[in-house]
Amino acid sequence: MPSIPFQALACPLDGQPLALVENNTWCCAAGHSFDIARQGYVNLLPVQHKRSQDPGDSKAMVAARQRFLQAGHYQPLAEAISRYVATWAARQPSGAEGFSCLDAGCGEGYYLRRLARSVPHELALIGLDISKWAIMAAAKQDDKQAPVSRWVVGSNAHLPVQPAALDGVLCMFGFPVYDEFARVLKSGGVLLQVEAGAQHLRELREVIYPQLKPERSPALEVPEGFAYIDEETLSYPIRLEGQQAIADLLAMTPHLYRASAEGRARAAELDQLAMTVDVRLVQWARR
Ligand SMILES: C[S@@+](CC[C@H](N)C(=O)[O-])C[C@H]1O[C@@H](n2cnc3c(N)ncnc32)[C@H](O)[C@@H]1O
Ligand SMILES: [Zn+2]
């Protein structure tokens, strides 16, 4: 089902609603304006919200994640996410506008593209990431005539979204900022948080670390403004073939930085690796 464009963006400088002018610039009433780039995304990350010159995932990390995801290793996860969004959207009262959903830290947009294709309800999607490389890669893969999502460079810490504008927020392997998620969600809206479980990529970690940390998932604390709905675990085996695939996986996880040079060298010697994917999907409801 084609997406309807998400409209409720807010100025990152003063929080006022943004209006789309001549289909190429977002403007607020105070005269701040943000052009839509040639590739079809908008940068709503002002310099004062940047902690570094080039924040978030680098161009190389984004390319590695894109190759890894395109190989289909996380397809069962994408299908699970699509099922959640379809269930939420089906609960909307008839006559409601499309189900609006933000992917906060969307990377190169894999999950939004997949769900736009498979969810049979009208959706208004927004993919936001602090990495301009991630958002450029997402926008480049989208159809300019019928885009699946708005693509926005921005930060979860200051979401450029109007208050109570969203029915759903996805935060996958990301950096949740609960008070911002609470601000932008409608009452009764849903937050789906996806995190690595205790066994996630254990076989890779066994190769790169001399000793693994004790395996337990941290206890969940209910974020302020939310109520716990439920959680599920998704576990399945994958098999990586070839050094490039293993290097890509390492490049898209925090292990690339955490591992020692010896650990990374051991991973680089492998030609194949059988591994466990183990992720935790937790649903929270905005009160
Ligand atoms: C581990 S990646 C996950 C990407 C995507 N959700 C996925 O699962 O494929 C984490 C992403 O969060 C982004 N990120 C880091 N800090 C952020 C912030 N403060 N706000 C928004 N995105 C952020 C990174 O640029 C990166 O794309
Ligand atoms: Zn403004």
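Colleague: Before we go on, what pLDDT do side-chain atom pairs need to count?
Modeller: Residues are numbered from 1 along each chain as its sequence is written, chains are lettered from A and ligands numbered from 1 in the order in which they are written, and side-chain values use heavy atoms, with hydrogens and water left out. This is a predicted model, where totals for chains, interfaces and linings use all residues, local features need pLDDT of at least 70, and side-chain atom pairs count only at pLDDT 80 or more.

Colleague: Thanks! Which atoms coordinate the zinc ion (ligand 2)?
Modeller: Donors are N, O and S atoms within 2.8 Å of the metal (3.2 Å for Na, K and Ca); water is not among the atoms, so sites may look incomplete. The donors follow the spacing C-x2-D-x13-C-x3-H along the chain. At 2.1 to 2.7 Å, the coordinating atoms are Cys11 (SG), Asp14 (OD), Asp14 (OD), Cys28 (SG) and His32 (ND1).

Colleague: How many residues apart are aspartate 14 and cysteine 28?
Modeller: Helices (H or I, at least four residues) and strands (E, at least two) are DSSP runs, numbered from the N terminus. Aspartate 14 is in the segment before strand E1 (19–21), and cysteine 28 in the loop between strand E2 (25–27) and strand E3 (33–35), which puts them 14 residues apart.

Colleague: Is cysteine 28 buried or exposed?
Modeller: Buried means under 20% relative accessible area, exposed over 50%, and partly exposed in between (1.4 Å probe, protein chains only). Aspartate 14, at 32%, therefore counts as partly exposed. Cysteine 28 has 7% relative accessibility, so cysteine 28 counts as buried.

Colleague: On to ligand 1: how much of its accessible area does the protein cover?
Modeller: A backbone N or O atom of aspartate 57 lies 2.9 Å from an oxygen atom of ligand 1, and one of methionine 172 lies 2.9 Å from a nitrogen atom of ligand 1. On its own, ligand 1 has 610 Å² of accessible area (Shrake-Rupley method, 1.4 Å probe).

Colleague: Last one: which residues of helix H7 (residues 243–251) are buried?
Modeller: The buried residues of H7 pack against several elements, including helix H1 (59–70) and strand E10 (226–241). Those buried residues are Ala245, Ile246, Asp248, Leu249, Leu250 and Ala251.

Key: Contact means heavy atoms within 4.5 Å. A polar contact is a pair of N or O atoms within 3.5 Å; within protein, one must be able to donate a hydrogen and the other to accept it, and residues adjacent in sequence count only if both atoms are side-chain atoms.
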